Amino acid sequence: MSIRVTHAHGDHIAVTAANGTEILRYVYRPDPDAFESRKPYAHPVRTLAGHTVTGYRPSDHRWHKGLQMTASHLSGQNFWGGNCYVHGRGYLPLPERIGSMRHDGFPVFAVDDDRLTFAEELTWVENGGEEWARETRGLTVHSVDEAAGAWALDWSIELTNIRAEPLVFGSPTTEGRELAGYTGLQWRGPRDFTGGTAFAPESDADADKLMGSQGPWLAFTTEHDDIDGHSTLVFAHAPENLRARHESHWFVRSEPIPTVAFSWAFFEEFALPPGESFAYRYRMVFADGAWDRERVAAHLEGMPW
């Protein structure tokens, strides 16, 4: 299925499927509110049938914006946005700890009939203005399949420490809050994903039991409000992620809010020495219908890395 790409320079990139549905909008203009941690995000994201599957600035967490790369605890700074967790004191508004991710350019931007690939250069800047890290981010829209009712987004990150000292990555859990290890690439669902069903390749466990677990993929399905229909989202690791030096764990909730993150520092901190880099690749499938475990596995099998 072909796609059409529109680039509003300085603002966003939009991808529209041949049926007229805008399936992805990647926004890279600076956010107006520094407290929400200015950084690019993808919203709205839609299935081919036009069902919106990302939430934007929900009333419970205004800094949750669709699909975005985050770092909740990084050497005392917050590149997630919003309140900061301080052990023994809870969540506090500490605007002096909120960092940002600056868009620096698109060194790669390629559009084929059914595929968009771009690379984005970003700089992670701490609250005082010091540049801490350089990131090369890659996004690829592909496998837009009308018969399957699904399309895929690959998202990669390569992050390099440009400080003179180590960058220490953590999460609220590494700071003492149990089972709150969110950080890394994060999806926030719209309100009608609340109470949805999460499942993994070899587990019938619900979201609560999958919290903090590991595995090659995790799926999240819901029945929508307003329309008669379901959507299924699949979050998958590239094979090399499972062998990475810094192990990833799933952060997943369906209650009280719907969210999934590929957490790279759920239970343990890790330090990135000066001049060194780390990299991850992820894949997300956005599908119409209530897919089961077998259908998810078969679909992923048909999309080799």
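Strands here are DSSP runs of E with at least two residues, numbered from the N terminus. This is a predicted model, where local features need pLDDT of at least 70, side-chain atom pairs count only at pLDDT 80 or more, and totals for chains, interfaces and linings use all residues. Residues are numbered from 1 along each chain as its sequence is written, and side-chain values use heavy atoms, with hydrogens and water left out.

**Positive phi**

I read phi of S37 as near 60 degrees, a positive value in a residue other than glycine. Is S37 buried or exposed? S37 counts as buried because its relative accessible area is 0%.

I then turned to R57, in the loop between β4 and β5 (67-70). Its phi is near 50 degrees, again positive in a residue other than glycine. R57 has 29% relative accessibility, so I noted it as partly exposed.

**Cis peptide bonds**

Which residues does a cis peptide bond join at P44? I found H43 and P44 joined that way, with omega about -5 degrees. P44 belongs to strand β4 (residues 41-45).

I also noted a cis bond from E255 to P256, with omega near -5 degrees. P256 sits in the loop between β18 (249-253) and β19 (259-263).

**Strand pairing**

I followed β13 next. Two strands pair if DSSP finds at least two bridges between them. Strand β6 (residues 73-74) pairs with strand β13 (residues 167-170) in the antiparallel sense, over two bridges. β13 also pairs with strand β20 (residues 270-272), antiparallel, over three bridges.

Which residue of β13 stands opposite L74? I found F169 there. F169 also stands opposite F270 in β20.

**A charged patch**

I ended at the surface. E223, D225, D226 and D228 gather there in a patch of negative charge. Patch residues have over 30% relative accessible area and no salt bridge; like charges are joined within 9 Å, and nonpolar side chains (Val, Leu, Ile, Met, Phe, Trp, Tyr) within 5 Å. A salt bridge is a side-chain nitrogen of Lys or Arg within 4 Å of a carboxyl oxygen of Asp or Glu.

I placed D226 in the loop between β16 (217-223) and β17 (230-237). D226 counts as exposed because its relative accessibility is 84%.

Methods. Accessible areas come from the Shrake-Rupley method with a 1.4 Å probe; for residues, only the protein chains shown count as cover. Lys and Arg count as positive and Asp and Glu as negative; His and the chain ends are not counted. The place of a charge is taken as NZ of Lys, CZ of Arg, CG of Asp or CD of Glu. Helices (H or I, at least four residues) and strands (E, at least two) are DSSP runs, numbered from the N terminus. Buried means under 20% relative accessible area, exposed over 50%, partly exposed in between (1.4 Å probe, protein chains only).
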